[in-house]
Each structure stands twice: as structure tokens, then as C-alpha cells.
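This report describes selected features of the structure shown below.

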Amino acid sequence: MIRVRDILALPGLQDARPVLDDGTGLDNYVHGVGLLDYEAFTDDFDTFDEHEVIFTGLGFTRGDSALGESVLIRQMNQGVSAIFIKDSLIDYVSDDLRAQAAQTNTAVFFFHRSFTEDIVTDVKNTITAEQREMQRGNGIDKMLEVRDIPGRRRLLHDTTGLMGSCIACAAFPLPATMDSLAREAARQSFDEAIAAVGVPGWFLCWYRGCILAIMAFDLSCEQVDARMEALCRVINESAGISECCGVGDAVPLEYADRSILQALQSAQAEPETMRDGVAVWRDTGWAAFAGAAADGELFSSECRHCRALVAVYDEDHEAQLLSSMRSFVACGGSISATAEALHLHPNSVRNRVAKAKEVLGMDDSTDRVFFAFLTVMFLDEGHHAMTANPLDSDE
């Protein structure tokens, strides 16, 4: 969503000066823009809607500052996001107008430029680009929700326009602090980078904190998989914006949702697991299972339910079973390693494991089986065993 602070980054507004210096209205959303002037057909003044931005030279007032003030206050009460006034009219901004701006959380600025229409056009183009980006993201959301194959394939085409033998997705994370203009510039950089490497068809959008690239090929999935890592590394280095990249499997078009989710999940991989800044889904091992588990609501809800049982016991008895079991899993099911990690006697760890079995209704399970159960219970959190063998041979 475009905010007032985003449009201040436009070239024609970088010198705009705020009437209030406390940041009033900077985070207001912007849905529209227009010029405030006299409307001859209605013998009245244009009235703007909520979340619109107004640019005005107040020429219709013919020097009547009281009239100018009353009209601007009227717009503030309508819920406009911001008002930009030509800086030659600084005397029109009274203390009452400042107070009303603060009360209605309306951003008010003085700006200096001869061709106001050009600025309005720039703002309108920025809003249009952001709305188009939101539509792209909404299309991806729908694609991930649809479960029938024909419907998914149709949505892929309607959203991206792509055709081919298969598609593969890549996700390039961007800083959360990037504003809308910077994200659009980043998208254009990736667009140029992908064009330069000769991908037959592609679609880009801002999605879940990443530039998501859906690329179509007239090759087999195996052929695309063999070249995607190197291809995405070149694209990322050429764009020069993101520090890493997540790559999904090449899949038939009707399974595009799978590659999208794989790319997004891979982009969150630990840096040490990446190869020169690229994480390929099929090579992420345990993280791939954890990501898939976290995406499955039924699976995750069962994991949360089991953890809640232990958490309730902890709260009722001022115990630490849940955190102890996390350590037990992280230590590969080793009683001695868990005891060392928690600074406890091994028997204390055994007692906690036994109590956790009881709480979870697994009293008759061996430690080996219970360790496997706990591994699954914590899977959607990303916790996993750090050792090669589930249990030490002497336990």
C-alpha cells in the first residue's frame, strides 16, 4: 500500500516541507490524487474522499485566506490523507489550520514546482503501479488456495500469462524497510536481469517480502532443475539488490503453487546452508520437511495441540517440560547431552522425559520412539536433532 511517506520520495516532492514537524499523517494510506480548484458547474469546490491526496495553489480564493482555510479544513474533515500547498501561500496556513491538521491526522506540506499537473501525474502513476502489484499478489494468493488442477492452471495463466512445458520459481528477499518506489525499481532491475539471461517467459511481483519470479521454459523439468541454481545466481548478481535467493523445483504448470511455496521457504534458509547465496529447495534437507510441515495447517494444528498439553502441565506445576523436550530433541535424544546442555543431572532429564511421556499419553513408549514423536511434534517450529544418531549407544 502506498503511504504519504512513499510519495514524498518522488523527484518533484523531495523538497516538500511539512507544516507540522512531528510526522503527522506520514503513514496515511493513499488511494487517489487530484487538484483542488473551483468547480464552475456546481458553483462549489471539489470535495475529496478519504485517503486521497490534494495538490492546490488555492487560485480560486483570489487572495481570500479565510476562504482558503475553510475549504482546506473541509477537506481534512473528509479524511484526506495529505494536502500539498504551493509554498508561495505560506501565509494562508494559520494556527487553526495547523491544529485541525493535527486533530484529523492530515499531512500538510508546502511544495515548490511550476507544473503541478506533472506531480499529480507522477503520484497517480505510482498509485496505479502499486495497485497493479497488489493485483498480482492477490492472483498468487488465489492460486495457492485453489486445489483443483484445471482451476490452478487457469489462474496461473490469468495471473501471469505464462505458457510452456514447465515453470520454476525463485524468491529474492528484499529489506522490509523498502518503500513502494524502491520495490518497483527493484522489480524493474530483476526484470532486466531475467531478460538478459534469455528466459523465454517470466512474471514478477512483490510477494511476502520477496521479489517472486515465476519463469516458464520449453524444456523438461529435469533440464530446468539442472540449470536453475546457476541461472538464479546470475540473475541475482546482475540485479544487485538481494543478498540471497530461494529456488523451487521445476514443475508442470498445474503445480505452480508447489514451486512458489518452495522458493519462498528456501529464501528463508540459514545463510550457511546456501551455496553462494542460493538455496535450492531439493537440497535443503530437513529444512524442506520443516517448511512443508509449517505450511500444512492440519499437521501444524496437531503439533500445536500436543505442545499445548505440555505447556498447560508446565503452567499448572511450574515445570519446564516443554523447553526440556526441545533441548532433548536438539541433542539428538541423548540423555547425557541434554543434561549437560541444561546443567542437570541425567536422572533429572530421565524424570522429565518420563513425565512428558505421561502428559502426552505415551507412557509405554521407549525413549527412541518418544524422541521420534517429539521430533515430529516440534517439526513445524524448525527444531531438529543436531546429532547423526537418535540416541547414544550407551543409553
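## Strand hairpin

Two strands are taken to pair if DSSP finds at least two bridges between them. The model discussed here is predicted. In it, strands S9 and S10 form a hairpin, with two residues between them. Within the turn, Arg208 adopts a positive phi of about 50°.

S9 (residues 201-207) and S10 (residues 210-217) run antiparallel and are joined by seven bridges. Leu204 has Ala213 in S10 as its bridge partner. Of the seven residues of S9, five are buried, so this strand is largely enclosed by the rest of the structure.

## Helix packing

Helix H2 (residues 65-77) packs with helix H3 (residues 95-104) at an angle of about 5°, and their axes lie 10 Å apart. Angles under 35 degrees count as roughly parallel, and H2 and H3 are therefore roughly parallel to each other.

On the H2 side, the contact involves Glu69, Leu72, Ile73, Met76 and Asn77. These residues meet Asp96, Leu97, Gln100, Ala101 and Thr104 in H3. By class, the residues of the contact of H2 with H3 comprise five nonpolar, three polar and two charged.

## Model confidence

The average pLDDT of the protein is 88, and 93% of the residues score at least 70. Over residues 383-395, pLDDT stays under 50. For this segment, the model has 32 contacts beyond four places in sequence. Where pLDDT is low, predicted coordinates should not be read in detail.

Definitions and conventions: Residues numbered from 1 in each chain as written. Predicted model: local features only at pLDDT ≥ 70, side-chain atom pairs only at ≥ 80, totals over all residues. Heavy atoms only, no water. Axes fitted to C-alpha atoms, helices over the stretch in contact; angles between N-to-C directions. Helix = DSSP H or I, 4+ residues; strand = E, 2+ residues; numbered from the N terminus. Parallel < 35°, antiparallel > 145°, perpendicular 65-115°, else oblique. Contact = heavy atoms within 4.5 Å. Nonpolar A, V, L, I, M, F, W, Y, C, P; charged D, E, K, R; others polar. pLDDT = per-residue confidence, 0-100. Buried < 20%, exposed > 50% of the residue type's maximum accessible area, 1.4 Å probe, protein only.
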